[in-house]
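Could you walk me through this structure, with an eye for backbone geometry, buried side chains and helix packing?

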Amino acid sequence: MKILVCISHVPDTTSKINFTENDTVFDTNGVQFVINPYDEFCLTRAMWFKEKQGATVTVVNVGNASTEPTLRKALAIGADDAIRVNMEATDGLSVAKQLAEVVKSGGYDLVLAGRESIDYNGGMVPGMLAALLDFNFVNGCVGMEVDGTSVSLSREIDGGNESLATALPLVVAGQKGIVEEKDLRIPNMRGIMMARKKPLNVVEPVDAESATMVQSFEKPAPKGSVKLIDAENIDELINLLHNEAKVI
Amino acid sequence: MSVLVFADSAEGKFKKSAFEVVSFGKKVAEQLGSHLVVLTINANKNEELYVYGAEKVVAVSNDSLKTFNAKAYASAINQVAAAQSASVVILDSSIDGLFIAPMVAVALNAGYASNVVALPSATNPFTVKRKAFSSKAFSNTVISSDKKVIGVAKNAYGIHENPVSGTTETFDVSISDADLKIKSVKIEKITGQVTIADADIVVSAGRGLKGPENWGMIEELADVLGAATACSKPVSDLGWRPHGEHVGQTGKPVASNLYIAIGISGAIQHLAGINASKVKVVINTDPEAPFFKAADYGIVGDAFEVVPKLIEKLKAFKQA
Ligand SMILES: Cc1cc2nc3c(=O)[nH]c(=O)nc-3n(C[C@H](O)[C@H](O)[C@H](O)COP(=O)(O)OP(=O)(O)OC[C@H]3O[C@@H](n4cnc5c(N)ncnc54)[C@H](O)[C@@H]3O)c2cc1C
Ligand SMILES: Nc1ncnc2c1ncn2[C@@H]1O[C@H](COP(=O)(O)O)[C@@H](O)[C@H]1O
């Protein structure tokens, strides 16, 4: 099994979100970038397939050179090699078109990606990739097993789970559950040393027009201050929720 | 040219989001000087949509679409989009909506914007406001492709009545075996409970509750309010509550009318996921807990004293 794990390079979840240049550019000042948390769950699942089922694991990012430390981290966690498609990633459809080329030329049969990137929250690249490749696709995956070319999976639905059966080739967009929090791996010294020697191939993008573009960013309107209610005066809370906020 | 809205239903009954996307689609069609077409799949009461402005409903009934199948649903939407020369396709941003939309976008070679929170601010260039950075910000996004796919965020635009005298016509779609290569084997649902996605009110608790044995009062409070229950990430990581209840930046987003946080500190990752909720109440022993900065109403107090009292008072209030 040849597995490709799609890695998006995103601001750490603790980051303060600010913008510069008239609110048109995300301010990376002081921001630490990490592997998108959903992608990290998928990468860990891929490592299990590698260790238990002899799969090979390649990681890929569509981005400029600044994303390479994130790809090196994925190599330190245990991926065999990495690919960077040398292009500023600005739009889901064009990113998916680049990834489709990588999948076709590398002959991957299982593609793992995250449910969404926590920066732009598109939730679109994996589904688009599957459609472009005519691969099977499961979104919001919280568990999977592969046996030969048969795959059983479960995905989250409103208020529960759905078990699914399908076959390779397949694109899976995963989240916590595909492995658990405790299964995530922190790269050790040996992993980090080895990662330096593993191949990180830079490929040039194919022609693909962007279909969307961010014109500007906005921050939510600042909140008014909290109304404190005395713990002995629960009636007042009920009154406010009913008459002022009108939510009960 | 038309604006095509997919109004989702389950077991024949429209989901609440269906009324919101139809309300939204009606306005988009007006903005574009186009007309609205609403697609329904195996729905029972199509006329319910006329209230929200659906002048033309295209009703598909097909046994292959009895249970949700994302690729087959996408295929049905694509066939109707082609027949109706749709230039804009609008869906919700629910778990299922997010599953279908990217496949529709590829079939139409369209740009897709998910989690859209307001009507387009301009139609040329076509500009929509969407959530970004896990609700820590919004982005004004231009869709430049000829065709466009939009996923409307839950509870952001709202449901607006706009009664029209509508008509419903039926339409046959053909679903091939290739569309059905993902087989549903089993669906497990916690029945009799309100889901976080559907809920108008969510009652959520964190590590301040000390242990899973103390969730009885949280469930009771949710029950009195007709609310869904949720929790912070450590609570689900510790196995006190199921994963499906974990809300926040890396969990489920919550866009309810009321969010009650009990014994939750209000870490930035937690707040990111619940920002879209309209009214927030916090109950916490620590007046310095960051949640107080994000909340509308707060009680500094011990959950083990406040929650039972709140349940009792709410019961009385509901009876009055
Ligand atoms: C990559 C990453 C992603 C994350 N994603 C998420 C996410 O999606 N969702 C999420 O929730 N977290 C997330 N977190 C974790 C987050 O940083 C916090 O650790 C977490 O939200 C804290 O949970 P808590 O408030 O339940 O617990 P604590 O921080 O331990 O807070 C407990 C609170 O309970 C109060 N308390 C104690 N006793 C009582 C009592 N008797 N009555 C009332 N109040 C009491 C305390 O004053 C305290 O404020 C993420 C972290 C990382 C690193
Ligand atoms: N620039 C990118 N390079 C590689 N993978 C990506 C990129 N953008 C998105 N992905 C993958 O697609 C998933 C969903 O991203 P998105 O559609 O942007 O929310 C991410 O979790 C990644 O696995």
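Let's start with Pro125(B), which sits in the loop between β8 (122-123) and β9 (126-132) of chain B. In this predicted model, the peptide bond that joins Asn124(B) to Pro125(B) is cis, with omega at about -5°. Most peptide bonds are trans, and most residues other than glycine have a negative phi.

Pro169(A) belongs to the loop between β11 (160-167) and β12 (170-174) of chain A.

Next come two phi angles. Phe133(B) is not a glycine, yet its phi is positive, about 50°. You will find Phe133(B) in the loop between β9 and β10 (137-143) of chain B. Is its side of the story buried or exposed? With a relative accessible area of 2%, Phe133(B) is buried. In chain A, Glu21(A) likewise has a positive phi of about 50° without being a glycine. Glu21(A) is placed in the loop between β3 (19-20) and β4 (25-26) of chain A. Here the relative accessibility is 60%, so Glu21(A) counts as exposed, the cut-off for that being over 50%.

Now step back to chain A as a whole. Its secondary structure comes to six helices and 15 strands, and its C-alpha trace spans about 65 × 45 × 40 Å along the principal axes. Of the 248 residues in chain A, 54% are buried. If you take the contacts in chain A with a separation of 6 or more, 70% of them are between residues 24 or more positions apart.

For a closer look inside chain A, pick Thr58(A) in strand β6 (residues 56-63). Thr58(A) has a relative accessible area of 4%, so it is buried; the cut-off is under 20%. Which residues does Thr58(A) touch, leaving aside its neighbours within four places in sequence? The contacts are Ile3(A), Leu4(A), Val5(A), Asp81(A), Ile83(A) and Tyr108(A). With Tyr108(A) there is also a polar contact between the side chains, at 3.3 Å. For a sense of scale along the chain, Pro69(A) is eleven residues away from Thr58(A), and their C-alpha atoms are separated by 15 Å.

Asn139(A) takes us across to chain B. Asn139(A) is part of strand β9 (residues 136-147) of chain A, and its relative accessibility of 9% is why it counts as buried. Setting aside neighbours within four places in sequence, Asn139(A) is in contact with Arg155(A) and Ala173(A), and also with Leu98(B) and Phe99(B). A polar atom of the Asn139(A) side chain lies 3.5 Å from the backbone oxygen of Leu98(B).

The two chains also meet through helices. Two packed helices are described by the angle between their axes and the distance between the axes. Helix α4 (residues 125-133) of chain A and helix α3 (residues 95-108) of chain B have axes that come within 8 Å and cross at roughly 45°. The two helices, α4(A) and α3(B), are therefore oblique to each other, and α4(A) passes α3(B) in a right-handed crossing. On the α4(A) side, Gly127(A), Met128(A), Ala131(A) and Leu132(A) meet Pro102(B), Met103(B), Ala105(B) and Val106(B) of α3(B). By class, this contact of α4(A) with α3(B) has seven nonpolar residues, one polar residue and no charged ones.

Finally, let's turn to a helix pair within chain B. Helix α4 (residues 216-225) and helix α8 (residues 303-319) of chain B pack at an angle of about 20°, with their axes 10 Å apart. That angle makes α4(B) roughly parallel to α8(B), and α4(B) passes α8(B) in a left-handed crossing. From α4(B), the contact involves Met217(B), Glu220(B), Leu221(B), Val224(B) and Leu225(B), while residues including Phe304(B), Val307(B), Ile311(B), Leu314(B) and Lys318(B) take part from α8(B). The residues of this contact of α4(B) with α8(B) divide into eleven nonpolar, no polar and three charged.

Technical notes
Residues are numbered from 1 along each chain as its sequence is written. Chains are lettered from A and ligands numbered from 1 in the order in which they are written. This is a predicted model: local features need pLDDT of at least 70, side-chain atom pairs count only at pLDDT 80 or more; totals for chains, interfaces and linings use all residues. Side-chain values use heavy atoms; hydrogens and water are left out. Axes are lines fitted to C-alpha atoms, for helices over the stretch in contact, and angles run from 0 to 180 degrees between N-to-C directions. Helices (H or I, at least four residues) and strands (E, at least two) are DSSP runs, numbered from the N terminus. Angles under 35 degrees count as roughly parallel, over 145 as roughly antiparallel, 65 to 115 as roughly perpendicular and the rest as oblique. A crossing is left-handed if the near helix is turned anticlockwise from the far one by less than a right angle, and right-handed if clockwise. Contact means heavy atoms within 4.5 Å. Ala, Val, Leu, Ile, Met, Phe, Trp, Tyr, Cys and Pro count as nonpolar, Asp, Glu, Lys and Arg as charged, and the others, Gly among them, as polar. Buried means under 20% relative accessible area, exposed over 50%, partly exposed in between (1.4 Å probe, protein chains only). A polar contact is a pair of N or O atoms within 3.5 Å; within protein, one must be able to donate a hydrogen and the other to accept it, and residues adjacent in sequence count only if both atoms are side-chain atoms.
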